[in-house]
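Dear colleague,

Please find below the structure that I am handing over to you. My notes on its contents follow directly after it.

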Amino acid sequence: MSERLNAFRAEVRAWLEAEAPASLRGAPAGFLQGTWGGRKVKFDSPDHERWLRMMAERGWTAPTWPTEYGGGGLSKAEDEVLKSELRRLKLPPPLIGFGLVMIGPTLLEFGTEAQKREHLPPIVRGEIRWCQGYSEPGSGSDLASLRTSAVRDGDRFVINGQKVWTSYAEKSDWIFCLVRTNTQVPKQQGITFILVDMDMPGVTTRPIPLISGASPFCEVFFSDVVAEARNVIGGIDQGWTVAKALLGHERTMVGEVFAQSVAGGEAELAQAARRYIGADADGKVADPLIRHELAQVAMDERAFMLTVKRIKDGAKAGQRPGPESSILKVYGTELNQRRRELSVRIAGTDGLGWEGEDYPPEALTATREWLRARGNTIEGGTSEIQLDIIAKHTLGLP
Ligand SMILES: Cc1cc2nc3c(=O)[nH]c(=O)nc-3n(C[C@H](O)[C@H](O)[C@H](O)COP(=O)(O)OP(=O)(O)OC[C@H]3O[C@@H](n4cnc5c(N)ncnc54)[C@H](O)[C@@H]3O)c2cc1C
């Protein structure tokens with residue numbers, strides 16, 4: 001490692017040791033857990049709020065974004081150093097959300113200077129929470145068939161229609177939306193990507209309860225909702241290109257999140273197996289079939305992590321996530337499902353628990369995570385659609 005990076009590591013380490021709230025050390029947040037920010041934010045504790053403020057001040061909620069938009073201006077290598085120092089103290093990310101991983105990178109690529117200056121700094125500071133208005137009833141996999149309409153009225157658009165499966169819509173402040181602005185051209189060519197303030201009159205959200213017991217997503221209805229034309233990203237009727245680039249970021253993010261969440265997971269699974277099933281004299285899990293499955297999952301996880309690393313190295317060299325983000329998405333999500341399935345099986349009858357005090361809390365969490373994982377192969381584009389993309393664009397099949 002270069003001298004400059006070593007010096008940076010020393011600086012980060014000293015600052016985190018001195019400043020990071022002690023109460024947050026030792027317990028990094030799990031998948032999609034952490035501070036999401038926004039106008040309606042509820043911090044888990046005053047330390048979570050302080051952690052967000054101090055990291056945002058340095059731009060380290062969005063470490064690689066340029067400083068002129070509030071980011072940290074770090075190189076990819078410096079970002080890796082920062083992440084590894086956060087991991088060393090087991091600190092949670094100060095901020096998570098679709099602003100950081102979806103609309104932010106998309107604005108950096110397609111936004112005008114004015115759009116970047118307006119929308120990026122509030123994301124970095126955790127002031128605005130974003131949701132994704134893509135899917136509609138009847139337009140999920142066939143997204144380009146979407147019908148929510150936006151009609152130009154001077155320097156505004158008037159939007160009417162419905163979105164569905166909009167994650168966290170009721171907690172979000174702004175929505176990035178795909179709307180139909182032209183019905184006279186092939187379907188992909190009449191779509192516009194527009195940013196809408198959800199506080200505008202005419203926006204209604206209705207939560208949809210899920211099998212996992214949570215209700216993380218909503219239907220969103222637009223009734224004569226006004227959006228400013230200056231909030232069109234990438235040009236009128238040009239939204240499909242922007243939409244696909246954002247999906248690339250989303251799929252890479254989903255794959256990476258699983259890579260992070262599996263890190264260290266094999267040890268935890270083996271420990272649970274020893275507890276539930278027992279161990280032989282060498283400390284090995286007593287059931288050879290379960291042992292075999294544990295080893296298989298562990299090997300597949302290693303191979304997956306290496307693939308993630310290879311793709312990230314490509315990103316460091318400036319490549320935009322392409323069809324390979326579909327590989328991460330398919331493999332990462334299916335691997336996660338296999339791992340959750342195994343964890344519930346290992347727990348035996350404890351794995352049947354849904355709620356209540358008859359079951360250990362960690363078994364209840366495992367069951368709910370298993371159920372939540374069912375959606376992983378659907379959100380961000382189903383596995384079938386990803387396989388189609390891989391076949392056509394990576395393997396060049398007819
Ligand atoms: C947890 C979760 C969170 C989500 N969050 C959001 C969000 O925030 N914003 C948002 O806009 N959307 C969100 N979605 C919606 C998601 O993007 C869609 O569910 C997904 O794109 C599939 O669309 P659909 O549900 O309409 O299914 P359909 O498109 O109707 O597909 C049904 C089945 O048919 C298969 N299929 C369809 N077409 C083909 C084909 N051409 N070839 C082979 N098989 C095919 C699919 O693979 C699937 O198995 C979320 C979904 C989930 C589960």
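**Findings**

Just after helix α7, Gly 278 takes a positive phi of about 100°. Helices (H or I, at least four residues) and strands (E, at least two) are DSSP runs, numbered from the N terminus.

Please note that this is a predicted model: local features need pLDDT of at least 70, side-chain atom pairs count only at pLDDT 80 or more, and totals for chains, interfaces and linings use all residues. Residues are numbered from 1 along each chain as its sequence is written.

Helix α7 covers residues 265-277, and its 13 residues should span 18 Å at 1.5 Å a residue; its end C-alpha atoms are 18 Å apart, which agrees. The expected span is 1.5 Å times one less than the number of residues. The buried residues of α7 are Leu 269, Ala 270, Ala 272 and Ala 273. Seen down the axis of α7, these buried residues fall within an arc of 160°, so they line one face of the helix. The arc is that of the directions from the helix axis to the C-beta atoms. A residue is buried if 20 or more other C-beta atoms lie within 10 Å of its own, exposed if 12 or fewer, and partly exposed in between, with C-beta atoms placed from the backbone. Exposed residues Ala 267, Glu 268 and Gln 271 sit on the face of α7 turned away from its buried side.

Helix α1 (residues 3-19) reaches 24 Å from its first C-alpha to its last, close to the 24 Å expected for its 17 residues. Of those 17 residues, the number buried is one, so α1 lies largely in the open.

**Domains and ligand shell**

The protein is divided into domain 1 (3-108), domain 2 (130-237) and domain 3 (242-394); these bounds come from an automatic or database domain assignment. Between the C-alpha centres of domain 1 and domain 3 the distance is 24 Å.

The ligand is surrounded by 19 residues, the closest being Tyr 134, Gly 140, Ser 141, Gly 375 and Thr 382. A residue is near a molecule if its C-beta atom, placed from the backbone, lies within 6 Å of it. Domain 2 and domain 3 each contribute at least three residues to this shell, and β1 (130-133), β3 (156-167) and α11 (383-394) each supply at least two. By type, the shell holds six nonpolar, ten polar and three charged residues. Here Ala, Val, Leu, Ile, Met, Phe, Trp, Tyr, Cys and Pro count as nonpolar, Asp, Glu, Lys and Arg as charged, and the others, Gly among them, as polar.

**Strand pairing around β3**

Two strands pair if DSSP finds at least two bridges between them. Strand β2 (residues 149-153) runs antiparallel to β3, joined by five bridges; Asp 153 has Arg 156 as its bridge partner in β3. Two residues lie between the strands of this hairpin, in which Gly 154 takes a positive phi near 65°. Strand β7 (residues 217-228) is also antiparallel to β3, over nine bridges. Arg 156 stands opposite Glu 228 in β7, and Thr 166 has Cys 218 as its partner there.

**Positive phi outside glycine**

Lys 90, in the loop between α3 (76-88) and α4 (98-110), has a positive phi of about 50° although it is not a glycine. Lys 90 counts as exposed, with 11 C-beta neighbours inside 10 Å. Tyr 168, in the loop between β3 and β4 (174-180), has a positive phi near 60°. Tyr 168 is buried, with 21 other C-beta atoms within 10 Å.

Yours sincerely
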